[in-house]
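Subject: Structure handover

Hello,

Here is the structure you asked about. My notes on it follow below.

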Amino acid sequence: MSSTKQIEIVLPERHPGQQQIADSEARFKVVMCGRQWGKTKEGITTACEGIIRGEKWGWFSPSYKFSTEVWRALCQTLEPIITKKNAQEYRIETINGGVIEIWTLQGVSADDVARGRTYHGVIFDECGIVPNLVELFESAVRPTLAVHAGSALFLGTPKGRRHGFVQFYARG
């Protein structure tokens, strides 16, 4: 008789605003909310749901400082299914083929980000402080979504009026 081990992963419960975002069928979602709303938490939950389905995801943060807490949360949440974890590359692989890679955007050009990758979804965190957001997404990251018609989740606060995040938000 073969035995199978049940693995349980507990994701955070969403508040109504987060649930509205999760329920949206839009391919590209722009979430512009105030501080402490739970944007990054929603991004982590969204990415974990995809990884649990065996998908490949990319996470883009403006700097190392913003990446470390995300890395810790992903490692803790996905621990029961992680097969490989590389803290230097910020890459996690799971037993079902799921992958997440965290990219730090500080000091990189659009030519250096996620080239040759294929993702089911991407998350941009703290978009209001990502320089050249539109160029980074359009020229380097969006092509990584082509194979799977993947989705993108842009998260940030309404900081300033003249940056790429506001442009994405205005597109509605």
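Phe168 is buried, with a relative accessible area of 6%, and Phe137 is buried as well, at 2% (buried means under 20% relative accessible area with a 1.4 Å probe, protein chains only). This is a predicted model, with residues numbered from 1 along each chain as its sequence is written. Local features need pLDDT of at least 70, side-chain atom pairs count only at pLDDT 80 or more, totals for chains, interfaces and linings use all residues, and side-chain values use heavy atoms, leaving out hydrogens and water.

The structure holds 10 aromatic pairs (rings of Phe, Tyr and Trp, the last by its six-membered ring, with centres within 6.5 Å; stacked is under 30 degrees between planes, edge-to-face over 60, tilted the rest). Phe124 and Phe154 are stacked, at 5.4 Å centre to centre and 20 degrees between the planes. Phe124 lies in strand β6 and Phe154 in strand β7, so this pair ties together parts 30 residues apart in sequence (strands are DSSP E runs of at least two residues, helices H or I runs of at least four, numbered from the N terminus). The rings of Phe137 and Phe168 have centres 5.8 Å apart and planes at 85 degrees, so that pair is edge-to-face.

Seven strands form an open sheet of mixed pairing, in the order β1-β7-β6-β2-β5-β4-β3 (two strands pair if DSSP finds at least two bridges between them). The edge strands are β1 and β3. Strands β2 and β6 run parallel, joined by four bridges; Trp57 has Gly121 in β6 as its bridge partner.

Regards

Technical notes
Buried < 20%, exposed > 50% of the residue type's maximum accessible area, 1.4 Å probe, protein only.
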